[in-house]
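Please look over the sequence and the model before reading on.

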Amino acid sequence: MNVNQSVPPVPPFGQPQPIYPGYHQSSYGGQSGSTAPAIPYGAYNGPVPGYQQTPPQGMSRAPPSSGAPPASTAQAPCGQAAYGQFGQGDVQNGPSSTVQMQRLPGSQPFGSPLAPVGNQPPVLQPYGPPPTSAQVATQLSGMQISGAVAPAPPSSGLGFGPPTSLASASGSFPNSGLYGSYPQGQAPPLSQAQGHPGIQTPQRSAPSQASSFTPPASGGPRLPSMTGPLLPGQSFGGPSVSQPNHVSSPPQALPPGTQMTGPLGPLPPMHSPQQPGYQPQQNGSFGPARGPQSNYGGPYPAAPTFGSQPGPPQPLPPKRLDPDAIPSPVIEDDRNNRGTEPFVTGVRGQVPPLVTTNFLVKDQGNASPRYIRCTSYNIPCTSDMAKQAQVPLAAVIKPLARLPPEEASPYVVDHGESGPLRCNRCKAYMCPFMQFIEGGRRFQCCFCSCINDVPPQYFQHLDHTGKRVDAYDRPELSLGSYEFLATVDYCKNNKFPSPPAFIFMIDVSYNAIRTGLVRLLCEELKSLLDFLPREGGAEESAIRVGFVTYNKVLHFYNVKSSLAQPQMMVVSDVADMFVPLLDGFLVNVNESRAVITSLLDQIPEMFADTRETETVFVPVIQAGMEALKAAECAGKLFLFHTSLPIAEAPGKLKNRDDRKLINTDKEKTLFQPQTGAYQTLAKECVAQGCCVDLFLFPNQYVDVATLSVVPQLTGGSVYKYASFQVENDQERFLSDLRRDVQKVVGFDAVMRVRTSTGIRAVDFFGAFYMSNTTDVELAGLDGDKTVTVEFKHDDRLNEESGALLQCALLYTSCAGQRRLRIHNLALNCCTQLADLYRNCETDTLINYMAKFAYRGVLNSPVKAVRDTLITQCAQILACYRKNCASPSSAGQLILPECMKLLPVYLNCVLKSDVLQPGAEVTTDDRAYVRQLVTSMDVTETNVFFYPRLLPLTKSPVESTTEPPAVRASEERLSNGDIYLLENGLNLFLWVGASVQQGVVQSLFSVSSFSQITSGLSVLPVLDNPLSKKVRGLIDSLRAQRSRYMKLTVVKQEDKMEMLFKHFLVEDKSLSGGASYVDFLCHMHKEIRQLLS
Ligand SMILES: [Zn+2]
């Protein structure tokens, strides 16, 4: 420590650099002298393509990419022991002595990114006096709540937004430390920003009108987000075509037993018929005892509750709060203000632009927000403060996030045989925050303060500021994110891994054959196998493939290239699964192409006349996992499965769906797996690096809660296509499949998050397995999956040194290369609550809260989970009100600017299908959505919980940008317009009843509204500007999401409109969910109770 203190403060990222030197190819091509490894890797000389593109030279470490798998079966001990080196950092929180990190002075809120931060003296409290200026608070006077609004009084009476803040129409928040200093007025860069001036405030004029659509002042193209999944068509009798993606089929579309009849004759009765229609009474869930709505349902009782402090005089006794006067989730100012300049990560504790803003990132020492987003970028110094504020401290980490083409993938660093340089004590990896001392001979760990020797081959002199002179030539000394090539010490059994394998496991029972699924899939695989993930300039993928079909027995196929025809081997002893062949099971696609094509041609024919309706499930995964084990490689199983596995075998399931459990203490059992066999199997899969992606095609209850256990614990994905029919669903299924097969995946991964002294990672959410308290084990991890990590204090933090996170992911690449991906992030620390509240990010908070709640339902009654969320949010807001807001009337609701949308988003989470299901939401839907949300990133949860609603004819037809969104409420719909609504899973086109005939003709090629087919899922391809624009927009929305969104056309007043209205999340929902206005009033009441 002392030594360190004697060193002059070193600006972390060097002197102000107007332009980041970056890793332009030319800039460090010739300087690898000191580190040039003996190994033939490209080190970081030259343009080492990152993750996706490993230069061919990498092959020197990788075993041959093809050839028959080794025949041995023994080995592959459990991952744990094997990861010796990686896992040993138990001492992660070393001595609590302070770490001298002369990083950046205090918080630098969005200052201009290029400002010379390094030269500023440390400033502990960069913000002005907290309460007064900070208040971009949204105020809601008691009077207003009670009433509505009519022409509101001109002054502050507007309820929301004290004049200084929200009410400003300029788009800037003059007093807000958060947005104030950002340049404004520039045209949004990348795209869709409309020319709206960034008005974000509620509109005071237009009192809300029900039918006609009044664009909210802020109609920016922000993507809202939320909502739960939906309503199955069942109760509306709509065609099943219209079903939203994850909704199961309407029961009546499939009368019990119907689908089973056919050529097979009577079917075994074991599938207990699904209730054809859910009885209303079963919704006990929505009875009076259920959640908050009993407290705040309906128009909120007027003034008495809140009116203790009358605000400005109210001209009229209003009936309800003006929806325009409450914070709008449609945000445009951030897009306009922060989308124009790249987000430069050189400044500690900067809150990044919102996920709804298009921006580029320049890595100058901290990980891009595409990799890590935090609930707050300024965290309380003490646990007492943190407890007082109740703001969860969490990071949402997406280690392998895909980047836009303009941003470079992380550079790959090779330290040769010695491997990555790490702290001896806490095992943190070399990063820009490590402090070099003693002329460069030693470095002090920024995480645990341990002083380490610099190995001779890594030595470099320091400049006059104490910075290594080669800092900008080394990614690990100057960037937030980079990769290290791992040495053999980081490999299982001290052996470099083989390239991974993909095994396609296809259900060929009657249901799979009947729907055309098997034929469709086999046809698609013939071409899709040419697109397996590959790295860099590799001519072909290193991934080997294998094939299994099954019903209640398994069929393995030998597709060795030397065979004229594939050979089938049947294993009927499913109780004791083994792999009947090794040689010829996993093959190189190109070498065995003829045999594979022949097999894929034959499979649909071989089972065309099957009468087998029963399936097994656990033995199938077991077989795939054993095959990978025998081949000594990691890999992925693609399972295509149709029904509840009721055949006699391990993992056999019963139909235990029981909606009567909803809203009882036993409701949690609906989310829990039926038997422990699935978890046991999942653990074995994780140990083998066997990731499972599950494609479900159910006609009825299949127990998603149980079947998704293995995908969930192995980092896999689940897709569900209820009542699958080729003609209706092939586009969605094939799009998802293509994307899933092609996406880059890391295998056999372990992730560890290290922190600087004072905080530590205590809880983790996502699709993974953990066998201890620190290592997140992922059999597979793709670029869509996130892990949310919660932190708690274990000591006092220091404003000067801030807090550091380092996420290290050890994984095997698609080509079989063992790598470590490192992400670093530095956060500010504060002693004033106001600083915390000024640097929070609500979208990330909601991501954390939704995951917390969705996990909570596994163990607690749903109502308790909901109440916990409400209480926590009320505490967060009450703490702000009490400690940070300027004195004001007690009747006002004051929200921190950063959290002004917390209530509306929270309400969307509370009324989502998992926490408050409507009558038509099936148990499988809830389990499915619960599981999906667990791995979502912040962008996905944002739009999932608050959907984006885009009016299509408001903007000129020639406009090429996305139209500005409007708020998700029926009041915003004009019957003369058409709208697109999307939430990342579902996509609707709503057509108003009075829409112009010309528009109808242009889009649907019919002459009147009444002739439009309700439930249509494809728009006709017409040669006119409007048709092209709408279809183009649909394509663009789909391209932004990780899953294909099937379109459903909904006509106003049509019975299918109910389905659509479920997504208008600002309105009261049929399942009893509160409207935004009502919920806001409820929160206000809760906060007042806490304050009194
Ligand atoms: Zn350390």
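In what sense do β12 and strand β13 pair, and over how many bridges? β12 and strand β13 (residues 544-550) pair in the parallel sense over seven bridges; two strands count as paired if DSSP finds at least two bridges between them.

## Basis of the model

This is a predicted model, in which local features need pLDDT of at least 70, side-chain atom pairs count only at pLDDT 80 or more, and totals for chains, interfaces and linings use all residues. Residues are numbered from 1 along each chain as its sequence is written, and side-chain values use heavy atoms, with hydrogens and water left out.

## The chain as a whole

The protein chain contains 27 helices and 29 strands. Helices (H or I, at least four residues) and strands (E, at least two) are DSSP runs, numbered from the N terminus. Of its 1092 residues, 65% count as buried, that is, under 20% relative accessible area with a 1.4 Å probe, protein chains only. Among contacts (heavy atoms within 4.5 Å) between residues at least 6 apart in sequence, 77% join residues at least 24 apart.

All seven of the seven residues of strand β12 (residues 501-507) are buried, so β12 is largely enclosed by the rest of the structure. In a regular strand the side chains alternate between the two faces of the sheet. From β12, Ala 501, Ile 503, Met 505 and Asp 507 point one way, and Phe 502, Phe 504 and Ile 506 the other.

β12 also pairs with strand β16 (residues 635-641), in the parallel sense over six bridges. Ala 501 stands opposite Arg 544 in β13, and its bridge partner in β16 is Gly 635.

## Helices α19 and α20

Helix α19 (residues 842-856) and helix α20 (residues 862-883) pack at an angle of about 150°, with their axes 9 Å apart. Axes are lines fitted to C-alpha atoms, for helices over the stretch in contact, and angles run from 0 to 180 degrees between N-to-C directions. α19 and α20 are therefore roughly antiparallel to each other, a term for angles over 145 degrees.

The contact is made by Met 849, Phe 852, Ala 853 and Gly 856 of α19, together with Val 865, Thr 868, Leu 869, Gln 872, Cys 873 and Ile 876 of α20. These residues divide into seven nonpolar, three polar and no charged. Ala, Val, Leu, Ile, Met, Phe, Trp, Tyr, Cys and Pro count as nonpolar, Asp, Glu, Lys and Arg as charged, and the others, Gly among them, as polar.

Notes
Angles under 35 degrees count as roughly parallel, over 145 as roughly antiparallel, 65 to 115 as roughly perpendicular and the rest as oblique. Buried means under 20% relative accessible area, exposed over 50%, partly exposed in between (1.4 Å probe, protein chains only).
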